[in-house]
Amino acid sequence: MQLKNELRRDLKTQRRAIKNKTLLDKKICSNLISLSEYKNADLLLFYAALTDEINVDDCIKAALNDGKKVALPVCGDDKGNMSFYYISSVCDLKSGFFGVREPDPEKCTKVKDFSSSVCIVPAIAYDRNGYRLGYGKGYYDRFLSNFSFISVGLCYNELVKECLPTGKYDIPVKYIITEDSIISV
């Protein structure tokens, strides 16, 4: 656990030092939109980025413009449980749990059918086997363990590592998309 926490700290520092972040985020978004799984999906499950994460707002807007259904998570508690809610615009997001933007459950509809969906999974870093170093709360691992759909990690080139420490509950993504490549795991 201490190793993962030290690694999180070091990789967050590395991520904060990324140069040309806005340009790289746009390239990553463009690569995501070119993915055939994206094109074939009816529903895209996104996250609302923190300041130093890959900003996916352009991807969300593109998906909505492409006629896709889009949903983002609402973290219901501090035990790792989350639900996804449909949005029609990034304006449907408000500050929620941990200060992360999330849909307003009072105004947005909860997703009940995840068929034909692709889940975009946030992380600090990924390894070449599709495993991620997340924030240590287990929200996405719990969620992904309950469904079988395509999962995609977005990551800067320099934060794709050969190998990251994993635990028995960690679930790898199927694709890692960087500014320069699409890695099939």
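Reply: Let us begin with a term for accessibility: a residue is buried under 20% relative accessible area, exposed over 50%, and partly exposed in between (1.4 Å probe, protein chains only). The model is predicted: local features need pLDDT of at least 70, side-chain atom pairs count only at pLDDT 80 or more, and totals for chains, interfaces and linings use all residues. Residues are numbered from 1 along each chain as its sequence is written, and side-chain values use heavy atoms, with hydrogens and water left out.

Me: Is Glu162 buried or exposed?

Reply: Glu162 counts as exposed because its relative accessibility is 60%. Arg128, with a relative accessible area of 41%, is partly exposed. Across the chain, buried residues make up 48% of the 185 residues.

Me: What joins the side chains of Glu162 and Arg128?

Reply: A salt bridge is a side-chain nitrogen of Lys or Arg within 4 Å of a carboxyl oxygen of Asp or Glu. Glu162 and Arg128 meet in such a bridge, at 3.2 Å from N to O. This pair links distant parts of the chain, 34 residues apart: Glu162 is in the loop between strand S10 (160-161) and S11, and Arg128 is in the loop between strand S7 (125-127) and strand S8 (132-133). Helices (H or I, at least four residues) and strands (E, at least two) are DSSP runs, numbered from the N terminus.

Me: How many salt bridges does the structure hold?

Reply: The structure holds 8 salt bridges. One of them joins Arg15 to Asp52, with the closest N and O atoms 3.2 Å apart. Arg15 lies in helix H1 (residues 2-16) and Asp52 in the loop between S1 and H4, so the pair ties together parts that are 37 residues apart in sequence. Arg15 counts as buried at 4% relative accessibility, and Asp52 counts as buried at 18%. Asp141 and Arg132 form another salt bridge, their closest N and O atoms being 3.9 Å apart; Asp141 and Arg132 are both buried.

Me: In what order do the strands of the sheet lie?

Reply: Strands of a sheet pair through backbone hydrogen bonds, either parallel or antiparallel. Two strands pair here if DSSP finds at least two bridges between them. In this model, 7 strands form an open sheet with mixed pairing, in the order S3-S2-S1-S6-S9-S11-S12. Strand S3 (82-87) and strand S12 (182-184) are the edge strands, each pairing on one side only. From one strand to the next, the twist averages 25°. Strand S1 (residues 43-45) pairs with strand S2 (residues 69-75) in the parallel sense over 3 bridges, and Leu43 stands opposite Lys69 in S2.

Me: Which strands does helix H4 lie across?

Reply: For such angles, axes are lines fitted to C-alpha atoms, for helices over the stretch in contact, and angles run from 0 to 180 degrees between N-to-C directions; contact means heavy atoms within 4.5 Å. Helix H4 (residues 57-65) lies across S1, S2 and S3, running at about 140° to S2. The chain contains 5 helices and 12 strands.
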